[in-house]
Amino acid sequence: MKKDKNPLSMRNRTLTHTTLAIGLPSLILGSAVNAQEEDDAVVLDTLEIEERTIDTNPYSQKGAPYKARISGDDRHTRELAETPQTITVLTQAQIQDSGKTDLKDILNAQPGISLGTGENGNAFGDRYVIRGHEARSDVFVDGMRDPGMTTRESFAVEQIEITKGPSSTFAGRGSTGGAINAITKQASTEYNFNKVNAGAGTDDYRRITADSNFALSDSAALRANILHAYEEVPDRGPADRERNGIALAAAFQVTDRFGINADLYYLDAQDKPDLGSYIDRDSGQVVDVPVYVQDEDFLESEVKTATLSAKYLFSDNLRFENSVRYGTTDNGYFVTGTRAGNRDASDPAGAIPTISLSSHQGWQEVDYFADQANLFWTTDIGGSEHEFILSFEYTSHEVLNGVYDSEATNPSNCVTPGRGGGVSESYCIIDASGNYISNISGLLNRSITKGSWDSDYDIETISLAVMDTFNITESLSAFLGLRVDSFDYTNTVYSAFTDTTSVFDYSDDLYNYHAGLVYDINTLGNVYFTYSTSSNINGGESDVGGACGYGGICGEPETIGRSKPEQTENIELGTKWNLMGDRLLATAAVFQITKDDVMEGLDYETTGTLNTGKNRVEGVELSLTGNITRQLSTQFGAALMKAEVLETASVDFNGDPVQTGGTLANFAEKSAFLQLRYQLTPAFAFGGTATYSSEIYTGQPDSPANEDWGVPSYTVLDLFAQYQFNEQLSLRANIGNVTDKDYYLTAYRSGAFTYIGDARNAQLSVSYEF
């Protein structure tokens, strides 16, 4: 593949549309440009902008809206086709065609990614599992960790980048199976536009977005994105979802060498969640149940984030970037679950089969500050050009978790067996005759108030990293990275059962490495090899307090210092091919991820065991992204994986030791996604998506799955079509789950609830640009 002789200047030329360095290309290209040449450059740039009136993504490949050419993270200095790692990029055009808007839905469709579940302290917002490993804390925005376990939307996103395999050089602690980086829409001085999109559909669907860019002058620009969306969960009303948000971006070129960006982001997500059905313990089958969401149920996320970035160009080969972010999130939920079993013998109806309701709840307040500084230096050493990045990062992450107090004000309607051999006054959705009751949603009539805190989490981290990309020969290039994260951890956990408070406090240093080689076979394709590591700490998840089995703190306060960080290594061999005039990228990779020194716990055991687990995930991943022909675009990916628990101290629900050799929980061995778009005429395009997942078994993260309980495999088909009336006006239709397939995304470890995939739904939206 042809390499750019000066990657630093290449990236700055490309990113003038959105980065701080507005106007820097002329500086980088030299000061010897005469007035006539400057006039010619303006004309050429204007023509390019006219070709991109619909899709303004500066990172995508021209003429291939589904294909990204470069990453939105400047630390990836080479094109994606020359980067020695599996990185799946979803462009804004691909996301819009798919009809998916929440980050959870977008990611769950991708191969190698599944969803996790949670109960009480660990069910805030979205939970992702990448290549078999939890990634709920490994979500980034513009290269910086995103604060809080929140619901995430795509209305202000330019593209989504999914890095597979551990890469702590970039991400810091965590990133065991990979990391997710959302690249946001930025302001540009190079064009003015206003785009309004309004849609309506089945299940009371409505969605309105606005995207406006204002070039205030040659050196200043503003951009605003606004969102309002609402829908009932298809065929599961009154369960519903509502989103309201605004994202503001400003760019200022203070001098030819110095630029500033400022971003403000706000999202208010209001859900009435449906926990779905449940797994029958005797048959292992998912049971069909009516909607039982209660009128008072809610899942709420309020996100506020402010980011200030600055960039200074010292010379053609030396620049400095610094980004400061402060964010808060306010998350809370009170939702209803089900319990299948028999009524107690003391119930007037006798010990007949029934389904009773349960409660799951918690709240979380997050306060997050980060300062990330990167120095980019390109220099010649021994006749080879080296692209060095020196990185410094300071983060302070504070999380207060708590519970809600509630009381069901309606009288109970059944008696069920209680814990410890007693009985419980309960609420059942099946009456004495074996029929579902009427007005299920008003059964409990809860009174809910915010209660006290039970976990006060605080971690401060200072990180230093150095990375270098360089050519060894004309055909062979290398990437090397080293990072150290030094953290101070404090977690104060309060137990209401024992009325005691425990303080967990310790510090440690994490060292991680990343090395990659790329060999160009010819101008089209290469083979690459990469080795990368990551580390995660005891108590690394901020939302679970002392629940060791879900990533919370393990051990007693006096023994926590004996724990070692969980260690992960990744070995990957792959190939990448730029085809069809660079408009189509084909990739294939084989990989092995081994995680050692795993913290383990049964149920919500606070003590657990220190560094007793080990597991491995091996697999093959294929992808094809871009234009197959001028008319046919695709985004395809498939993953075939196998997980094996190599060592464990876990015990099952009966207290018996769990045998090694089993698979991981919430893990799909086979998964695939295919999206096709065909431009039949200049005005009319149509296409569809197919999403496949093999069966997924229940269990806790990093623990052997219970292969008796799980959700079956599924294939879901979606369709879309678009008609462009003129340059300003277009119409799009989306039909989700066109065959109305009953399918389930994942299940809780006990099978008490299984998330139901959306039933058939349809939307029609109008887009107007002016």
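**Reading the chain, from overall form to ring pairs**

Modeller: Let us begin with the secondary structure, which comes to six helices and 40 strands in this chain. Please keep in mind that the model is predicted.

Biologist: Which residues have the most contacts inside the largest nonpolar core?

Modeller: They are Tyr-292, Ile-355, Leu-357, Ile-429 and Leu-443, in a core of 21 residues. Strand 19 (318-342) and strand 20 (353-381) are the elements that give two or more residues to this core. A second, separate core has 20 residues, including Ile-130, Ala-135, Ile-180 and Ala-182.

Biologist: With which residues is Tyr-292 in contact, apart from its neighbours within four places in sequence?

Modeller: Tyr-292 then touches Arg-236, Leu-275, Gly-276, Thr-336, Gly-337, Thr-338, Leu-357 and Ile-440.

Biologist: How should I read a sheet, and in what order do the strands of the open sheet lie?

Modeller: In general, the strands of a sheet pair through backbone hydrogen bonds, either parallel or antiparallel. In this structure, three strands form an open sheet in the order 4-5-6, with antiparallel pairing. Strand 4 (113-115) and strand 6 (133-134) are the edge strands, since each pairs on one side only. Strand 4 is joined to strand 5 (residues 128-130) over three bridges in the antiparallel sense. Within this pairing, Leu-115 has Tyr-128 of strand 5 as its bridge partner.

Biologist: Is Asn-108 buried or exposed?

Modeller: The cut-off for a buried residue is under 20% relative accessible area. Asn-108 has 12% relative accessibility, so it counts as buried. The residue is found in helix 5 (residues 103-108). Leaving aside neighbours within four places in sequence, Asn-108 is in contact with Ile-113, Ser-114, Leu-115, Tyr-714 and Leu-745.

Biologist: How many aromatic pairs does the structure hold, and how is a pair described?

Modeller: A pair of aromatic rings is described by the distance of the centres and the angle of the planes. The structure holds 20 aromatic pairs. In one of them, the ring centres of Trp-453 and Tyr-494 are 6.5 Å apart and the planes are at 55 degrees, so the pair is tilted. This pair links distant parts of the chain: Trp-453 lies in strand 24 (residues 446-471) and Tyr-494 in strand 25 (residues 476-495), 41 residues apart. Trp-453 is partly exposed at 33% relative accessible area, and Tyr-494 is partly exposed at 25%.

Biologist: Which kind of aromatic pair do Tyr-723 and Phe-725 form?

Modeller: Tyr-723 and Phe-725 form an edge-to-face pair, 4.9 Å centre to centre with 65 degrees between the planes. Tyr-723 counts as partly exposed at 36% relative accessibility, and Phe-725 counts as partly exposed at 48%.

How values were computed: Residues numbered from 1 in each chain as written. Predicted model: local features only at pLDDT ≥ 70, side-chain atom pairs only at ≥ 80, totals over all residues. Heavy atoms only, no water. Pairing = 2+ DSSP bridges. Helix = DSSP H or I, 4+ residues; strand = E, 2+ residues; numbered from the N terminus. Core = buried A, V, L, I, M, F, W, Y, C linked by side-chain atoms within 4.5 Å. Buried < 20%, exposed > 50% of the residue type's maximum accessible area, 1.4 Å probe, protein only. Contact = heavy atoms within 4.5 Å. Phe/Tyr/Trp six-rings, centres within 6.5 Å; stacked < 30°, edge-to-face > 60°.
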